[in-house]
Amino acid sequence: MERAESTARLVDNDQLDLHNEQSESEGFSSGYESSSDVSDAEPSVYHHGDSQVEADDGVGLECDVSGSHVKYQNTSALCDHLKYIISMPDLCNVTFIVGPTRVPIYGVKAILSTRSRVMYQLILKNERAVSEAKKSRKTRLSRLIIEVNKYQPEDFRKIVQFIHCGSVDIDSRSVAGLLCGAKQFGLDDLRRACWEYVRRCSQTRPKSLMTIQRGANQYIHHLYGIKLFTKIQHLLTPTTKRVVTETTV
């Protein structure tokens, strides 16, 4: 399993065709946790200019060459909190109903829209359709519901998680769905991470290639599902197939 971390900048909400997936271009329980476990130990103090500044051991601190300022970042905690939000339906305002089993997956429209222009267009299109349908009723929509039929629920949950917080675990069962989602929703860093995962599996874990190919077969309707299936077929040489067969017996 490999974790992909996003380095993507926030994108502008400009127009983008939702069908760009056909293009060949590449390029938990609710409630808040208690803060009682925070250490009461006295922080160390260092001098910054003429003022005293409390400091810890330096984790999360960035200092420029001139030493004119110190920037503090805690991206790990931010990622965890954003991931936690989508596990709490009451904090979300969009619900994706995924697959034939109609599994609900939640998200926050503002975050999803700023992280993916295609997701923004998808949300906007559905909001307009619902708004037109409900004009006569004079009712306000509290949560948008979007049907998603072409993804496995767990794969789409991971796609939403990555868009939401920029981090996701890639494994042989989910890489096909993540790759297709990365292409459809314009997540170039996730797309590259998926291909890199496949490359590493081909070199160090040949047994996992069969699992990846089975996953790709579930997305044979998607351009990148076909590309992944074909690539794995080429990687599965007679020697590799024999190794896989022997290790599964």
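**Entry 1: a lysine in α4**

I started with K158, which lies in helix α4; helices here are DSSP runs of H or I with at least four residues, strands are E runs of at least two, and both are numbered from the N terminus. A note to myself: this is a predicted model, where local features need pLDDT of at least 70, side-chain atom pairs count only at pLDDT 80 or more, and totals for chains, interfaces and linings use all residues. Residues are numbered from 1 along each chain as its sequence is written, and side-chain values use heavy atoms, leaving out hydrogens and water.

Is K158 buried or exposed? K158 counts as buried because its relative accessibility is 8%; the cut-offs are under 20% for buried, over 50% for exposed and partly exposed in between, with a 1.4 Å probe and protein chains only.

Next I looked up its partners. Setting aside residues up to four places away in sequence, K158 touches V168, D169, D171, S174 and L178, where contact means heavy atoms within 4.5 Å.

**Entry 2**

I then followed an open sheet of three strands, ordered β7-β6-β8 with mixed pairing; two strands pair if DSSP finds at least two bridges between them. At the edges are β7 (103–107) and β8 (144–148), each pairing on one side only. From one strand to the next, the twist averages 25 degrees.

Strand β6 (residues 94–98) runs parallel to β8, and five bridges join them. Helix α4 (residues 153–165) packs on this sheet and touches β6, β7 and β8, its direction making about 0 degrees with that of β7. Angles run from 0 to 180 degrees between N-to-C directions, using lines fitted to C-alpha atoms, for helices over the stretch in contact.

**Entry 3: cores and α7**

Which residues have the most contacts inside the largest nonpolar core? They are F96, F156, I170, F185, L190 and L228, in a core of 44 residues; such a core is a set of buried Ala, Val, Leu, Ile, Met, Phe, Trp, Tyr and Cys residues joined through side-chain atoms within 4.5 Å. Helix α6 (residues 188–204) gives the most to this core, seven residues.

Leaving aside neighbours within four places in sequence, L228 is in contact with A176, L179, W195, V198, I212 and A216. I212 and A216 are among the buried residues of α7. Helix α7 (residues 208–217) is largely enclosed by the rest of the structure, because seven of its 10 residues are buried.
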